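Please open the model in a viewer and follow the stops below in order.

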Amino acid sequence: MLLPIVVAFSGWQGWRWWSWAISPVMSASAEARDRQVLVEIGLGTSGQQIGTDLADLDLIRSEQAWNIWAKWLRLQAKLKPELEGYFQAGTYQLSPTQSLPEIAAQIRSGTVIQTTYTIPEGWTLAQMGNYFEDQGFFTSQEFLEAVNRVSGQDYPWLPSVPKLEGFLFPDTYQISGDNLTADRIVQQMLTQFERVALPLYQKAQAQTDLSLLEWVTLASIVEKESVVAQERGVISGVFHNRLRTGMTLGADPTVEYGLGIKQTPDQPLTLKDVNTPNPYNTYLNPGLPPTPIAAPGTASLEATLYPETTEYLYFVARYDGTHIFSRTLNEHNQAINQVAQQR
C-alpha cells in the first residue's frame, strides 16, 4: 500500500527538482534582461564541458540537469536524423533569464552572436581598413593583406587588376563572431558585389562599350563627384560625353586619389597638384585611370550604365553639394568665377 505513495511522492519531488533545475537563474526583470554573457564554445567541446562552463558563468542552475538534457537531445538526433545536429561551436550571447532548454536550443541551432558593420558608398580600401581597426575587428594592415590575398580563381569574374579598389561592395553586413576575420569580411563584400552589382552589368552588357573594369572605374568617379542624387545621371552623362569626344575627364577626385590628399573648400587643389604626373591624374592622362578610386554604390553603378543624355561637357562644384553644368569652356570659366565670388 505504501509503494504507490512512495513512488508518487518521489516522482513529485523529482518533478519539483527538475522544474527548478531547468528554470532561468534570474527572473525576467529589466536589470536581468540587460545582463548578457558572451560564451565561446570551441570546436570539439563536449556537451558535459559546455554544462560546466555554463554553470560556472551562472547561466544554468544544475550541471546534472544539463547533462540529462544533453543526453536527451543526443538521443533525439539519433532517432530523428532530420533534426539539426548537436551542439555547435561559436560565440553565443546568452542571458540568465533564459531557461536551460532555451540555452541548449540556441547552442544546438548555432544561433551565434552577429556583428554588424557598414561600409558607405565612396569609401576607399584605406578608409575601410581604418574603420575596421577603429571598430576593434582587426588592424588596417591585416585588412589590406587579406585584400591582397584574394585569388582570381575564387572569383573568375574579377578583372586582372593590381588592387581590388572598387570591388568590395559598400553595404551593411552582419557576420557571426566566430567568422570575424579580415579574410572572411573581404569574401563577404566580394560575394555581395557578385550578387548585387555584377547582374547589373551583365544585363546591360549588350548596350555598353565599357568593360567591367572600366564600368566600375567610371562609376567610382561618378560616386565621388555626386553629392546630390538627382545630379548623378547628368554627371555620368558629362563624363561619357568627354570620353566620346576624346577629352580628358578632368576629375578632381582622381587627382586626390593619386596624390593621397583631400581637398577642402579652404584648401582646394592647386595648379601644382593638377599638373603633377601620376597614373590617376585625369587632367593629364586621357581616358580612365588604371583602377577605380573608391567603392561605388548601386546608384552610381546604374547611372554609369544609363547616363542622362546631355550636351554638357563641364561642371564645377558649388559649396552646397550641387554643380553648375556648362556646354562650352567659356560658360565653364564664367561658372568658376561665379562660384569663386560666392565663396
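## The pocket and its lining

Begin with the largest pocket, which is lined by 50 residues; Glu225, Asp252, Pro253, Glu256 and Gln263 lie nearest its centre. The model is predicted: local features need pLDDT of at least 70, side-chain atom pairs count only at pLDDT 80 or more, and totals for chains, interfaces and linings use all residues. Residues are numbered from 1 along each chain as its sequence is written, and side-chain values use heavy atoms, with hydrogens and water left out.

The search ran on a 1 Å grid over the protein atoms alone, where a pocket is an open set of points with protein on both sides within 12 Å along at least five of seven lines, unlike a cavity, where a 1.4 Å probe fits but cannot get out; lining residues have an atom within 4 Å of a point. The volume of the largest pocket is about 1500 Å³, taken as the space filled by probe spheres set on points joined across faces, edges and corners.

Next, colour the lining by class. It has 28 nonpolar, 12 polar and 10 charged residues. Here Ala, Val, Leu, Ile, Met, Phe, Trp, Tyr, Cys and Pro count as nonpolar, Asp, Glu, Lys and Arg as charged, and the others, Gly among them, as polar. Elements that each supply at least two lining residues include H6 (125-134), H7 (140-148), H9 (212-225) and strand S5 (314-317). Helices (H or I, at least four residues) and strands (E, at least two) are DSSP runs, numbered from the N terminus.

Select H6 and show Leu125, Met128, Gly129, Tyr131 and Phe132, which are buried (under 20% relative accessible area; exposed is over 50% and partly exposed in between, with a 1.4 Å probe and protein chains only). These residues cover an arc of only 160 degrees around the axis, which puts them on the same side of H6; the arc is that of the directions from the helix axis to the C-beta atoms. Their cover includes strand S3 (114-118), H7 and helix H8 (182-204), contact meaning heavy atoms within 4.5 Å. Glycine 136, which follows H6, has a positive phi near 80 degrees.

Move to H7, where Ser140, Phe143, Ala146 and Val147 are buried. Viewed down the axis of H7, they fall within an arc of 125 degrees, so they line one face of the helix. H6 and H8 are among what covers them.

## Salt bridges

How many salt bridges are there? The count comes to three, with a side-chain nitrogen of Lys or Arg required within 4 Å of a carboxyl oxygen of Asp or Glu.

- Select arginine 149 and aspartate 183, whose closest N and O atoms are 2.8 Å apart. Arginine 149 lies in the loop between H7 and strand S4 (172-176) and aspartate 183 in H8, so the pair ties together parts that are 34 residues apart in sequence.
- Select arginine 232 and glutamate 223, with closest N and O atoms 3.6 Å apart. Both residues are buried.
- Select glutamate 311 and arginine 327, with closest N and O atoms 3.3 Å apart. Glutamate 311 is exposed at 60% relative accessibility, whereas arginine 327 is partly exposed at 40%.

## Last stop: aspartate 58

Finally, select aspartate 58, in the loop between helix H3 (47-56) and helix H4 (63-79). Its phi is positive, near 60 degrees, in a residue other than glycine. Most residues other than glycine have a negative phi. Aspartate 58 is partly exposed, with a relative accessible area of 45%.
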